[in-house]
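Have the sequence and the structure open while reading.

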Amino acid sequence: MPILALVGLLGVLLLAWQAPANAQTPRFYDELEFPPLRDIEIPAYERYTLPNGLVVYLLEDHELPLVSGSATFRTGSRFEPADKVGLASLTGDAMRAGGTTRLDADALNQQLEQRAASIETSIDLSEGTASFRSLTEDTEAVFGLFADVIQRPAFANDRIDLLKRQYSGSIARRNDNPDGITSREFRKLVYGADSPYARTTEYATLAAISRADIQQFYQASIRPEQTILGIVGDFDSAQMKQWIAASFGDWQPSGVELNATMPQVNQARAGIFTVAQPQLTQSYIQLGHLGGQLDYPDHAALAVMNEVLNGFSGRLFNEVRSRQGLAYSVYAFWSPRYDHPGLFVGGGQTRSEATVPFIRSTLAEINRMRTTPVTADELAQAQDAVLNSFVFNFQSPGQTLARLMRYEYYDYPQDFVFQFQDQVRQTTASDVLAAAQARLAPDQIVVLVVGNPEAIQPSLDSLAPNTAVTPIDITIPQPGA
Amino acid sequence: MTGKPQTARGYVAVQRLRPALVGLMAIVGLWLWWPIAPAAAREPLHSAQAIQPYLDRVADAVTEFTLDNGMAFIVMERHQAPVVSFMIHANVGAVDETDGKTGVAHYLEHLAFKGTSRIGTRDFAAEQAVLDQLDAVFTNLLAAQAAGDTAQVTQLESEFETLRQQAASFIEQNQYGQIVQQAGGVGLNATTSADETRYFYSLPANKLELWMSLESDRFLDPVFREFYEEKDVILEERRMRVDNSPIGTMIERFLEEAFVSHPYRRPVIGYQDDLFVATRDDIQTFYDTYYGPGNLTAVVVGDVNPAEVKRLAEVYFGRYPSRAAPPEPTIDEPAQTTPRQFTLTLPSEPWYLEGYHRPSLGHPDHVIYGMIESLLVGGRTSRIYKTVVDDAQVALNIGSLNGFPGDRYDNIFLLYGLTAPGNSPDEIGALFAQELQKLQQEPISAQELDRVKTQARAGLLQSLASNSGMASLLAEYQAKTGDWRNIFDNLTAIEAVSAADIQRVAQTLFQPTNRTVGKLLPPPSAQ
C-alpha cells in the first residue's frame, strides 16, 4: 500500500475522532445535549467501636498533606438547667480556652499555632463538637493534644472568668443589630421564651454558673460511649488506629450521666408582634410558626415546596423582590430539624412604609401554596434543581464523613440522602399541595416586625383589624435586677 | 451581591447562645463584598521544600490561553468529583466610577442577572420599544423634579407607572437564574467590591457547554430590564447594609475620613442620591467601557478536559468583539500629614477603628503587610489578641482588614476592636499603640517569624482543596497581578522576609501622621 494513502486514511480517522457531537458554532442553551454524568463515587470508609463505646469513622484522602477530624458528643444546651442558661455553651468554650491538665492555655495555643494547626470545641443546642486540623507531618502531635482537650480539660478559673466577661459583653451587644433582634424574638414567640429552643443567656443565669457546674456538665456530656469520632485526610488507617487506641482506649466516663430528657415543644404564641426601634428606616420581618422534622413522610414534598417558593426564580424572589422591588432579601422556608420540631419561617427587610404590603405579599404566596397546586413547570423546575445538583452532596470525602456521622448521631438510616433523592423524584403536585395543607397553618402564624412604628403606614393594625398588635420589650435585664 | 436566596438546605439555625462576637470581617464581608479567597489563604509545612511537590502538582494541572479578542482563560483540572466551578472576573469595581455616579458597578452586577434579548422576555422587539419610552419618561421626570414642577412630576409619574407595568408584562422573571438552577447549578451569585466584579456558580461536570452558552450570551447581549424595580431593591440593600447598621454607617464614614480624594473613599453600594438619578444609559456606558473581553478573566476549575474548554471558549467567547482598554482611575490622594480622628454616635455598643495608609499589591513589600497582620491579630497567640483580649481584657474581640477597601491601588491597613463591658475605645487605642511601638522598636523572634511563614504555607494548601476557592484565587491573581503564578511566588517572597524587613515596614506604616482613628459610641443617655 502506498504511503500516501496510509497518511490519507489516518487523516480521515483523526477527523472522525474530532467530529461527533461537537459544537463548532455557538448553540442556544435549549439546543444543547449533555453526556451522562459519571457515577457518584462514595469513598471507602471504615467504622468500628472501641471497647469503651467510642464509635470511630476513618476515611483516607491523600490529595493534600492535611488531616482533620471531629468528635460529636451527645449533649446540648437543651439539657442545661433553666436557671443556668449558658452553661452548655460555656462548657464547650472553656474546654478549649482553659488549656489541659498537662498543658496550660498559652502553651496549648503556642503548640498548635506554631504548627498552623487548630483545635476548637463547642456545645450548641443539640450537640457538642471538638474538631482539629493539622498538616500530615504533625498529625500524631496534634491528635495527642486533641485527645487531651477532650479528656483532660483544666477549666482554669481565670479562663472561665474571661469567658463569662465575654458572654456579658455579648448580652450587652445583642440589640445592636436588628437582624439579631428579629430572629431571637421570633424564636421566643414560637417556642416560648423559656423553651430550651429559644431562651437566652442573661446576666443572672450567667452569674449562677460556677466552675463546679461546668465540671459537672462536662462529665455528664463528654463520655466515650456518647462520642462519635471521625477522621478524614492524609493518614494511614492502621497507624491512625494505633494512635486512637493509645489516646482514647483508656478513656472512661466519670461523674453522673446527662439527664437527656427531650424538652416538650408546643407553639407558644400566635398573632402580630412588634419591637419598636424608632431609629430604623426599614422593618425587619419574620413570620411563620412551629415546623417539623426531617423524618416526616412528606419531607421531600416540603423540600420541593421550598424550591418553588425560594431560590433565584422562586415565587417570592420573582414577586416580592423583582416585580415589586420591596426587598433585597425575601424568603419562606419549611426548615426541619433532625430530632425536634424546627420552624416554618419567612421574612425579609423592607422600607418602613412598605411593611404591610411586604407582609401581605409574602403571606399571599404562602397561602397560594395551600390553595392551588404548583404548575407542572414549577414542579419540574424544583425536582430538576434538587436532582441535578445532587452530585454536590459528594464533592469531597469530608462531606461524606460528616453526613455519615450526623445520621448516626440522630439515628437516621445511612442511606437517608438517597431515600430523599428517590422521594423527590416521585413527588407530585398533589403531594406538594397536601403537604402544604397539612403543615402550613395560617391561624398559627406569628408575625414579628422590628422597626419604626411611626413610619409603618399603613399600620400593622390593618393586617388584622380585630387583633391587637402586641409590643415586645427587649430591654436587657441588668445584672442584679 | 445579587441577593442570596437561601437554599432549601441553607436555613441556618439561629439559636446559638454563644457570644455573638461579630467580627468586622463578617460584617464588611457582607457589606463590601470582601473577596473571600485571600482571607482563606491567610489562615493556616514546616519547610518550604515539603509543600513544593503539591504546589508543582497544582501548577501542572493549570493551563491558560488568551482568545484573539484578548479574553484570558485559566483552567485547573481537578477530577475528585464530577463537578466544575466557574468564575468570570471583570477587572472593574467601584474604584472605576466617577463622582456623582457611585454604585454603578454594583447596579450593573444586579442587572447582569436580568437576561438577554432571548432569555427573560416573551417579545423582545415590543419590550425594547417600551423600555426606550420608559427611559425617556424617567429622564423628563428627573428634569421636572429638578425644576420643582409638581404638576408635571405627577403627570410623568403616572405615565411612568403605566409604562413600567407594560414593560413588566413582557418579562419572564429571573429566567437566567432559573435555567442555571434547573440544570443543577449551585452557588449562583456575584459580588462587587472596590476593585472587581465577579460572577460565579458551579455545575455538574457534564454541563460545561451550558456555562459556555449562558455565560457568553450574558455579556454578549445583555438587556438591563427591570431597571427601576431593581433600583428599589438596591436602595433596600443600602438601607439594610448602611443606614440601619451602625457598623455599616461607621465603615462608610471611616473611608470618607481616611481618604481625601481617592476613589476608595466612596461606598461600593453608592450614595442614595446617586442611585436615585442613575439611568439605564449610565449602566450601558459603564458596560461598554469596562466589559470588553480584554478586561475579563474566566476561570474553570474541576472535572474538565482543558482542550475541550479551549475549543468551546473559542466557539462561544470568541464571538466577543475586542474593545479598547478601559481608562485607569485617577488616584491623586495627597500624603497624609496629620493624624485624623472622628467620633460617631449611634445606638450601638462601642467600636474602635484605626487605619493606616499602605501601598497597593504591586509594591515589593506587599506580602510583608500580610505578615504583620498575621503577627498582630492572627490567632490566639497573636500580639494584639494576647495583650488586648486575653491579658488586659479591654476588648471582647479584635480584628483587621488589610488591603481595605481594595488593593489594586494604595489603600488602608485597618485594626479594630469591640470594647468589653465597662471599657472605652481609648483603652483599646492605647494598647494598640503599645503593641505597634513594640513592633517598631524590637525585631520579632525567630519563632514568631517561623509561625507566620508556616501559617502562610498551610493556608495555601487548605485553599487548594476547594474548586470554587481556587477559581476565585486564580482569577484574582491573574486579573490584578497579570499572572496567577503570583499565588505561589508570593509564598516564595514570604519565605525570604526577615525580622528586619518586618521592623522596617512597621516603622513606616504605623506613624501617627499616617493614622485615622474612628470611634463608634452610644448616645450619652444609653451609656
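Ring pairs link seven side chains of chain B into a cluster: Phe65(B), Phe73(B), Phe86(B), Tyr201(B), Trp211(B), Phe317(B) and Tyr320(B). The model is predicted. Over all chains, the structure holds 46 aromatic pairs. One of them is formed by Tyr191(A) and Tyr197(A).

**Aromatic rings**

- A pair of aromatic rings is described by two values, the distance of the centres and the angle of the planes.
- For Tyr191(A) and Tyr197(A), these values are 5.6 Å centre to centre and 40 degrees between the planes.
- An angle under 30 degrees would count as stacked and one over 60 as edge-to-face, so this pair, at 40 degrees, is tilted.
- Tyr191(A) and Tyr197(A) are both buried.

**Charges over rings**

- The face of Phe113(B) has Arg218(B) lying over it, at 4.4 Å from the ring centre.
- Arg323(B) lies over the face of Tyr287(B), and here the distance from the ring centre is 4.8 Å.

**Strand β11 of chain B**

- Strand β11(B) covers residues 515-521, and five of its seven residues are buried.
- Strand β11(B) is therefore largely enclosed by the rest of the structure.
- Strand β7(B), residues 340-345, runs parallel to β11(B) and is joined to it by six bridges.
- In this pairing, Arg340(B) stands opposite Thr516(B) of β11(B).
- Strand β8(B), residues 351-358, is also joined to β11(B) by six bridges, but these two strands run antiparallel.
- Here Glu354(B) stands opposite Val517(B) of β11(B).
- In a regular strand, the side chains alternate between the two faces of the sheet.

How values were computed: Residues numbered from 1 in each chain as written. Chains lettered and ligands numbered in written order. Predicted model: local features only at pLDDT ≥ 70, side-chain atom pairs only at ≥ 80, totals over all residues. Heavy atoms only, no water. Buried < 20%, exposed > 50% of the residue type's maximum accessible area, 1.4 Å probe, protein only. Helix = DSSP H or I, 4+ residues; strand = E, 2+ residues; numbered from the N terminus. Pairing = 2+ DSSP bridges. Phe/Tyr/Trp six-rings, centres within 6.5 Å; stacked < 30°, edge-to-face > 60°. Lys NZ or Arg CZ within 6 Å of the ring centre and 35° of its normal.
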